[in-house]
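Here's a quick briefing to read alongside the model. Have the viewer open and follow the topics one by one.

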Amino acid sequence: MGDAGIENPSLIKVHHRSEKAEELISAAQRHSRFPENVWLVPNHVSHIAAVVPLGHVRLLLTVRPIQPVDLKIIRTGGYKELRDRDFITIGSEGVGTIIEIGEDVDTRRLQRNQRVVPVLFWDNLIKQGLGSWQYYVDVAEENVMVLPDVSRDSPDYIPDEAAAQFIITPWTALGLFHSAVAGIPTNGFLLLSAPSSTIGRHILGIGKNSCISVIAVVRKDDQKKLLQEMGVKHVININCSDFTRQVKSITGEEGAYAAIDGVGADTTKKLGACLRNGGEVLIYANAAGTDADDHVQISLSDLKRKIQVKWWTLTDYLHIGSENKEDIGKGMQQLFHETLELYRKKVLLFPTYEKLFKFSELAEALDLIEATKTQFEKRKAVLINHDHPHVV
């Protein structure tokens, strides 16, 4: 490896039109569903250092999913930490193989050729603008989760297509569930909006695997039918005239103890009305709103009943940004091991994929996402792959 570093093809988003960016923009790939000021450059070749940083390992990434957060970053710039950068490498998740180990890394835990899942969102993507849609990535050792070292024929083998989705949605589902049910007794009830989302489906599975009864709250009757066909016992359309009455009937007139809300707007108000006194609504997304219109509602009478409405994030749950790195690491390892165990039990079922796309085929991948986004029973997790000669 020479002093010039290593070529590292990636897919980047250019943020600002400038003299420096003109050459990048000229190679950009346009897509009709994105605003005119969105410039995506597939197979952009940058360089990474020849020497792996202290306390880091270098991964050759093999598969990356296209997650909703990635699309948000493409469309809007996403997070304020990213918007001032000239360009960023997109991608919040992925899976890969360790190809080099830096100094000061615990080699009892991490070795070359291990298949691992990197936790990229906070330290790589948000802090550095270096996401997973690139060939190589350097990751701090505490952000590397090791997959089981078993043969492909083993029942414990986890395919790359599933492992690449092991962080954002299952960790969010697990964190939300643990937070919501902390005060719920055995056989108590939990309300769940947006149950047909990937996070919602994970929570339904986790609830079924526990002693907590989850009531799925949908906005369309076709979603209700599909969930019932999946074996979900309690499904109610929130737009029916007797929604609150149905919840009270299921819960023995007492109401649910807590609610997990991924919709916002007046859904929050309707959920709050179905809770016991002192109940809690945890909001983690606003599917009913937009970035410019992200309100939620709660009635005054429910506030008088001490109903609490809280914004929940995985970042806060893991205490990302605190000084206690050891506790953060333990929290991530605990969620990862829970994810492994629930995946083995088939409690966590990840979306299937249509095919593997190269960076240059992003437009085709986005078309497929758009075509299947409303087909709950056929929804695909479209994955991006690359044509690196060492990737099988």
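Two strands are taken as paired here if DSSP finds at least two bridges between them. On that basis, this predicted model has an open sheet of 6 strands, with parallel pairing, in the order β11-β10-β9-β12-β13-β14. There is also an open sheet of 3 strands, this one antiparallel, ordered β2-β1-β4. The points below go through both sheets, then some helices, cysteines and single residues.

**The parallel sheet**

- The edges belong to β11 (234-237) and β14 (308-311); each has a single partner strand, so one side of each is left without a neighbour in the sheet.
- Going from one strand to the next, the twist averages 20°.

- Strand β9 (residues 189-193) is where you'll find S193.
- Is S193 buried or exposed? Its relative accessibility is 1%, so S193 counts as buried.
- Setting aside neighbours within four places in sequence, the contacts of S193 are V217, I260, D261, G262, V263, T267 and L271.
- S193 and A259 sit 66 residues apart in sequence, yet their C-alpha atoms are 7.9 Å apart in space.

- Helix α7 (residues 198-208) is mostly covered, with 10 of its 11 residues buried.
- The buried set in α7 is T198, I199, G200, R201, H202, I203, L204, G205, I206 and G207.
- What do the buried residues of α7 pack against? Their partners are the strands β9, β10 (213-218) and β12 (256-261), along with the helices α6, α8 (221-229) and α13.

**The α6/α13 pair**

- Two packed helices are described by the angle between their axes and the distance between the axes.
- For α6 (residues 168-180) and α13 (residues 325-344), the angle is about 105° and the axes are 10 Å apart.
- Angles of 65 to 115 degrees count as roughly perpendicular, and α6 and α13 are therefore roughly perpendicular to each other.
- On the α6 side, the contact is made by P170, W171, L174 and H178; α13 brings M332, L335, F336, E338, T339 and L342.
- By type, the residues of this contact between α6 and α13 split into 7 nonpolar, 2 polar and 1 charged.

- β1 (residues 6-14) and β4 run antiparallel and are joined by 3 bridges.
- Within α2 (residues 68-76), the buried residues are V69, D70, L71, I73 and I74.
- Just past the end of α2 comes G77, which takes a positive phi of about 90°.

**Cysteines**

- How many disulfides does a search of the whole structure find? It turns up 0.
- C240 is in no disulfide, and the nearest cysteine sulfur, 9.6 Å away, is that of C274.
- The relative accessibility of C240 is 23%, so C240 counts as partly exposed.
- C274 is likewise in no disulfide, with the sulfur of C240 as its nearest cysteine sulfur, 9.6 Å away.
- C274 comes out at 0% relative accessibility, so C274 counts as buried.

**A140**

- A140 lies in strand β7 (residues 136-140).
- With a relative accessibility of 11%, A140 is under the 20% cut-off and therefore counts as buried.
- Not counting residues up to four places away in sequence, A140 touches G55 and H56.
- A140 and T172 are 32 residues apart in sequence and 22 Å apart in space, C-alpha to C-alpha.

Conventions
Residues numbered from 1 in each chain as written. Predicted model: local features only at pLDDT ≥ 70, side-chain atom pairs only at ≥ 80, totals over all residues. Heavy atoms only, no water. Helix = DSSP H or I, 4+ residues; strand = E, 2+ residues; numbered from the N terminus. Axes fitted to C-alpha atoms, helices over the stretch in contact; angles between N-to-C directions. Parallel < 35°, antiparallel > 145°, perpendicular 65-115°, else oblique. Contact = heavy atoms within 4.5 Å. Nonpolar A, V, L, I, M, F, W, Y, C, P; charged D, E, K, R; others polar. Buried < 20%, exposed > 50% of the residue type's maximum accessible area, 1.4 Å probe, protein only. Disulfide = S-S within 2.5 Å.
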